[in-house]
Amino acid sequence: MTTPVEQHPASIHAGDPSPRAALLERLLDPDQVVVFDGAMGTMLYARGVFINQCYDELVLRSPDLVRDVHAAYAKAGAEVLETNTFGANRTKLSQYGLEGQVEAINRRAAEVAREAAGDRRLVAGAVGPLGVRLEPYGPTSRDEARAIFAEQMRALLAGGADCFVLETFADLDELQQAILAAREVSATAPVIAQATIGPDLRTSFGATPEDVARALDRWGVDVIGLNCSVGPQTILEAIERMIAVTDRKLSAQPNAGMPRDVGGRSMYMASPEYMASYARHLVQAGAKIVGGCCGTTPEHIKAMAEGIRPLAPRTRVQVGNTAEWPAEGAAKIGRDAVPLAERSRLGAKLAAGQFVTSVEIVPPRGIDTTKLEQDAASLAKAGVDAINVPDGPRAQSRMGAIATSLIIERHGIEAVTHYACRDRNLLGMLSDLLGASALGLRNLLLVTGDPPKMGPYPDATAVFDIDAIGLTNLVSKLNRGLDPGKNPIGEPTRFVVGVGVNPAAIDPDQELRRFHWKAEAGAEYAITQPVFDPAQLEKFLASVQDIRIPIVAGIWPLVSARNAEFLANEVPGVTVPEAVLQRMRLASSKSKEHGVAEGIAIAREALEQVRGSVQGVQVSAPLGHVAYALEVLAP
């Protein structure tokens with residue numbers, strides 16, 4: 001066995017009051033939040049380093065270039081800097097004929113990172129997979145793998161690394177050998193072990209987040225985590241599953257979304273604002289170490305560090321040359337939002353606590369708006385407060401929600417424009433929303449959007465640059481006169497910000513968490529999925545009493561047993577109780593008219609039962625029959 005390296009920083013700083021020693025204690029404290037840096041390769045590529053070069057060797061050939069990237073992350077607020085050594089093991093370096101430079105590259109990489117970190121930040125020795133299969137699936141034995149890892153780690157410690165971060169491992173067997181090597185090299189250096197998962201929440205070897213957490217817990221690492229491969233949404237879901245099976249500290253370093261091919265290059269499109277939003281969610285879910293992986297930049301890390309600050313009040317992250325955050329009462333960014341009551345007629349009623357009514361009309365499939373305009377006129381005449389306009393529901397191709405809303409408002413009734421994240425990147429959404437505001441639209445319902453595979457064009461590509469939570473953050477900023485980068489846009493928008501919520505969600509705890517996050521992001525009212533079980537809605541309302549925004553109940557008059565079965569089985573987020581299905585089957589067996597009448601009766605009953613608990617209703621016009629919706633709303 002190799003003799004452990006002596007004089008490791010963890011022991012050097014025992015009892016030492018220096019900032020570095022205090023940060024090392026916080027790294028191991030399960031309740032303390034610590035910010036790691038972001039991508040190194042992304043930054044080096046952006047600075048002109050071609051991908052056919054060995055990025056790890058740059059610490060010898062161009063140390064200033066690597067040091068500048070570290071310094072940028074330090075200035076952005078990163079408290080831990082990872083060495084530029086992800087592929088600096090003997091196996092991977094041999095591809096460039098550099099296997100004889102393992103010790104020199106890793107030692108120098110740790111020294112360069114330390115030069116940028118100073119004594120106020122930690123240096124984590126980054127160790128990635130070997131890039132070869134281990135026995136019994138490949139020629140490399142476990143002992144050989146452990147020796148290769150140990151060789152790299154000894155050099156990292158010699159150069160000044162404070163801890164190890166073993167990252168982007170898909171094979172838990174290989175990761176175990178890296179952990180054993182780390183403990184062999186040093187008994188005191190903290191070990192952060194991170195696996196990587198795919199969109200299906202499994203490693204490429206089939207391990208679930210729970211499998212990863214249990215294995216790493218059993219192997220005694222200091223921090224268990226996930227990084228790379230997927231964006232923050234998937235990492236968040238996995239962290240929520242891991243927290244249930246381990247008491248160890250968790251880390252999360254997602255990519256800046258999923259890569260997209262742009263002109264032959266893989267580009268990561270998630271904005272700093274989006275990553276900051278999910279950094280907060282990750283911390284709230286239980287991850288106490290957050291940072292970024294592929295596609296993230298110092299701008300992302302700065303936004304993430306600022307975003308989690310309210311969740312870690314004892315943490316003071318040094319940004320640039322500023323030792324402390326701005327004092328309370330310092331000049332704020334942006335303007336005050338226009339009062340809700342002054343933004344629209346719907347906003348005024350919501351602000352006043354009055355009961356609001358709306359009817360949902362699906363936009364036309366083509367360009368003929370005759371029926372749409374007739375329906376808008378009849379609803380305006382009936383005194384309905386607003387018309388809800390879905391945005392490509394069930395991934396169907398229809399007239400755009402913004403254009404449809406503008407046509408509706410010609411008839412003296414306000415529109416509630418549903419706006420989905422599915423079809424647009426962040427820049428497109430920003431452009432759309434500014435244009436909608438300039439054209440006079442005021443009421444929004446922000447939704448993530450149904451995936452294309454639900455619709456008639458399953459090969460269409462979804463964007464999902466951000467989700468409904470991120471979009472709510474974006475619109476809230478626009479209402480304060482700021483773009484996503486917190487740059488002034490001049491006159492603020494005047495949107496009434498609505499979101500969706502599902503009282504009958506399959507995972508009620510996750511739905512509740514997301515609803516809290518939407519409210520935190522700036523939601524000012526919510527519309528539920530169709531309610532067919534008032535008791536279920538009442539139970540949900542009792543669980544969200546702390547979220548003090550108006551809730552509007554979705555009401556959907558059924559027209560036949562087939563319609564009820566379709567909603568129950570093929571429309572995401574809709575639950576139709578068996579008792580309702582039975583009523584519709586019985587009525588529909590008599591005649592079409594009986595089925596319609598029973599569906600309207602069920603809807604009216606639901607409306608009356610929920611009227612005292614919500615601040616309004618949104619009634620759908622099934623199959624385009626506005627008359628049915630008006631029957632439900634009739635006194």
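Let's start with helix α7, residues 102-117. It has 16 residues and reaches 22 Å from its first C-alpha to its last, close to the 22 Å expected at 1.5 Å a residue. That expected span is 1.5 Å times one less than the number of residues.

A word on the source. This is a predicted model, in which local features need pLDDT of at least 70 and side-chain atom pairs count only at pLDDT 80 or more, while totals for chains, interfaces and linings use all residues. Residues are numbered from 1 along each chain as its sequence is written, and side-chain values use heavy atoms, with hydrogens and water left out.

Which of its residues are buried? They are Val102, Ile105, Asn106, Ala109, Ala110, Val112, Ala113, Arg114, Ala116 and Ala117. Buried means under 20% relative accessible area, exposed means over 50%, and partly exposed is in between, with a 1.4 Å probe and protein chains only. Just after the helix, Gly118 takes a positive phi of about 65°.

Now helix α5, residues 63-76. Its 14 residues should span 20 Å at 1.5 Å a residue, and its end C-alpha atoms are 20 Å apart, which agrees. Pro63, Val66, Arg67, Val69, His70, Tyr73, Ala74 and Ala76 are its buried residues. What do they pack against? The partners are α3 (41-46), α4 (58-61), β2, α7 and α13 (298-308). Contact here means heavy atoms within 4.5 Å. After α5 comes Gly77, with a positive phi near 120°.

**Salt bridges**

Side chains of opposite charge can pair when their charged atoms come close. The rule used here is a side-chain nitrogen of Lys or Arg within 4 Å of a carboxyl oxygen of Asp or Glu. How many salt bridges does that give? The count comes to 31.

Take Arg67 and Glu115. Their closest N and O atoms are 2.7 Å apart. Arg67 lies in α5 and Glu115 in α7, so the pair ties together parts that are 48 residues apart in sequence. Glu115 is partly exposed, with a relative accessible area of 41%. Arg67 is among the buried residues of α5.

Next pair: Asp173 and Arg142, with closest N and O atoms 3.0 Å apart. Asp173 sits in helix α9 (residues 172-185) and Arg142 in helix α8 (residues 142-159), so this bridge ties together parts 31 residues apart in sequence. Is Asp173 buried or exposed? At 19% relative accessibility, Asp173 counts as buried. Arg142, at 30%, counts as partly exposed.

One more. Arg585 bridges to Glu578, closest N and O atoms 2.7 Å apart. Arg585 is partly exposed at 30%. Glu578 is partly exposed too, at 45%.

**The open sheet**

On to the strands. Strands of a sheet pair through backbone hydrogen bonds, either parallel or antiparallel. Here, two strands pair if DSSP finds at least two bridges between them.

Eight strands form an open sheet with parallel pairing, in the order β1-β10-β7-β6-β5-β4-β3-β2. Its edge strands are β1 (34-35) and β2 (80-82), and each pairs on one side only. Two bridges join β1 to β10, residues 287-290, and the two run parallel. Val34 has Ile289 as its bridge partner in β10.

**The barrel**

There is also a closed barrel of eight strands, running β11-β12-β13-β14-β15-β16-β17-β18, again with parallel pairing.

Look at β13 (residues 414-420) and β14 (residues 443-447): five bridges join them. Tyr419 has Leu446 as its partner in β14.

Then β17, residues 551-555. How many of its five residues are buried? Five of the five. Ile551, Ala553 and Ile555 are buried on one side, and Val552 and Gly554 on the other.

β17 has neighbours on record for pairing. Strand β16 (residues 525-530) pairs with β17 in the parallel sense over three bridges, and Pro530 partners Gly554. Strand β18 (residues 616-620) also pairs parallel with β17 over three bridges, with Ala553 opposite Val617.

How values were computed
Helices (H or I, at least four residues) and strands (E, at least two) are DSSP runs, numbered from the N terminus.
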